[in-house]
Amino acid sequence: MSGIFGTNNQDSQLFIGGTRVSGQEVRSQNVMAALSIANVVKTSLGPVGLDKMLVDDVGDVTISNDGATILQLLEVEHPAGKILVKLAQQQDTEVGDGTTSVVIIAAELLRRANELIKNHIHPATVITGYRLACKEACKFIADQMALKVDKLGNDALVNVAMTTISSKIIGAYGTFFAEMAVKSLSAVKTTDFRGKPRYPVNSVNILKAKGASARESSYFTGYALYRPFTSAAMSRAVKNPKIAVIDFDITKTRMKMGINIVIDNPDNLEAIRKREADISAERARMLIDAGVTAVFSTRGIDDMYVKMFAEAGAVTVTRVPKDDARRIAKGTGASVLTTLANLDGDESVEPASLGVAELVEQVRLSDDDIVVIRGAAEQQASTVILRGANDYMLEEMERSFHDSLCAVKRVLESGAVVPGGGSVEAALDIYLESFATTLGSREQLAIVEFANSLLSIPKQLSVNAAKDSIELIAKLRAYHAAAQKASADSPRAMLKHYGLDLHEGKLCDNVKAGVLEPAMSKIKMLKSATEAAINILRIDDMIKLLPEQQPEDPHAHM
């Protein structure tokens, strides 16, 4: 697969033992690499986009239409191509959605910039024009296109999640998963030191269970672990538990490697063995005496100590992943204990290091037992259990649901949305073209090309939906041109909300239709795509050093 991104140049040999490509040749190569990557992902754009099946070198299969996932699995060799892969990953990290769009726009910006440079426009002029256009575009989105969520109500959040999900594998169950995303994220609301609301996506725990249909997925408030209680003799539920999160073994103590003990009397050997068992027993007794009724350990607990905890009415969970242990500690107000040692050189359990919750219980999920912590004291958590037919479907469902969570988080924190379906891109195209005419410099040409590049999104959306892109885009531009010429109180001003309805093959008011996206997603997408395109345009020389030749070993045998 990576062959299409390889470099195959006839370059001039350098005295430093490498190859050099410069000027227009390197620029054309970079643009070709960017377009090749965009061509891989562009058919997956939109609610009727297609999926990609990727098979790696060991035969593992991934089926996805998420741009960042697809590009991450490609072994891209070309340096400029790697910039676009990083671009998609950055968009995925910061916003969660728009990963395919950002790559398509960046590639189109590069293609059009390359045409300008071929027509003797200096790259510095193109870069200045692109920066100016990006600044104006972001300002226009914030001032003219963005809508406050307060005016649209809670339905806007569900619609944002539905818009994100619509192009994914769970698109058929859009409303079901969209409402679940909004509820699960709203349940983990916190405030930062400035008093602003924050919605940490990491506090939403996603578990996957094979079997049953996607519609049987469920959500509840609480943190769930794919681990059972250590012993069947333990209680199935503990109310108001004191929770200890430990990162050490409670197993029979063994001497460190390299330590030898010389014994004169055989009776002393038995005393040493007994003391080895007693050291961990004393630690277990300390935890029990401190009132601990739930122990979460990242390591193991021997059966003899499990029996001690069970007889004391406590529950234990072993081999907890460290990420889960940290989240449990943060949510319940506990500290992750790596040792029981104190400053005096003794061992003790500090009450302040223990956490509290309302309930710790073990419940059955499919064929497995899971442990659920409800009512954590410090930070609420919510858990979503996804059900699906097989591993491929569950993995793609998890990626899709995570994207919708990120989109809802951005709307909740920024409070602004924009109409989707190519509406913003078409409005920006009209606005930037008229803005370009106000400039009397060469940057005007770059701004016009920037505006036309944005139309690649609605064009690709309509092509993927098997609709007439030329007619739809012409109508869409006419609507937005009329909206921008109309006065604020004119009915025509509302035409700025119009975008593509890909299922019917016509234009519709996407605010009323509920096709909404986070305003931040669009602004970040434009900024990231412009910066990536500028970074690649600034390159006019590529020097590639050849690997150092190892001297032949005269004693080597064939």
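Where is the place of Ile263? In this predicted model, Ile263 sits in the loop between strand 12 (242-246) and helix 9 (266-289).

**View 1. A nonpolar surface patch that includes Ile263.** Met255, Ile259, Ile261, Ile263 and Leu269 make the patch. Its area is about 410 Å². Ile263 is partly exposed, with a relative accessible area of 30%.

**View 2. The largest pocket, with a volume of about 790 Å³.** The pocket is lined by 40 residues. Closest to its centre are Gly46, Pro47, Thr163, Ser166 and Val515. Two or more lining residues come from each of helix 4 (99-118), helix 7 (155-165), helix 15 (456-464), strand 21 (498-501), helix 17 (510-513) and helix 18. Helix 7 gives the largest share, 4 residues. By class, the lining has 21 polar, 11 nonpolar and 8 charged residues.

**View 3. The second largest pocket, about 330 Å³ of space.** Its lining counts 19 residues. Ser203, Arg327, Lys330, Gly331 and Gln379 are the closest to the centre. Helix 11 (322-332) and strand 18 (368-374) each give two or more residues. Helix 11 gives the most, with 6. The lining divides into 9 polar, 6 nonpolar and 4 charged residues.

**View 4. The largest cavity, about 30 Å³ of space.** A search of the whole structure finds 1 cavity of 30 Å³ or more. Ile105, Ile141, Val424, Glu425, Leu428, Lys522, Met525 and Leu526 line the largest cavity. Helix 13 (423-436) and helix 18 (519-537) each give two or more of these residues. The lining has 6 nonpolar and 2 charged residues, and no polar ones.

Note on methods. Residues are numbered from 1 along each chain as its sequence is written. This is a predicted model: local features need pLDDT of at least 70, side-chain atom pairs count only at pLDDT 80 or more; totals for chains, interfaces and linings use all residues. Side-chain values use heavy atoms; hydrogens and water are left out. On a 1 Å grid over the protein atoms alone, a cavity is a set of points where a 1.4 Å probe fits but cannot get out, and a pocket is an open set with protein on both sides within 12 Å along at least five of seven lines; lining residues have an atom within 4 Å of a point. Grid points are joined across faces, edges and corners, and a volume is the space filled by probe spheres set on the points. Ala, Val, Leu, Ile, Met, Phe, Trp, Tyr, Cys and Pro count as nonpolar, Asp, Glu, Lys and Arg as charged, and the others, Gly among them, as polar. Patches are made of residues with over 30% relative accessible area and no salt bridge: like charges are joined within 9 Å, nonpolar side chains (Val, Leu, Ile, Met, Phe, Trp, Tyr) within 5 Å. Accessible areas come from the Shrake-Rupley method with a 1.4 Å probe; for residues, only the protein chains shown count as cover. A salt bridge is a side-chain nitrogen of Lys or Arg within 4 Å of a carboxyl oxygen of Asp or Glu. Buried means under 20% relative accessible area, exposed over 50%, partly exposed in between (1.4 Å probe, protein chains only).
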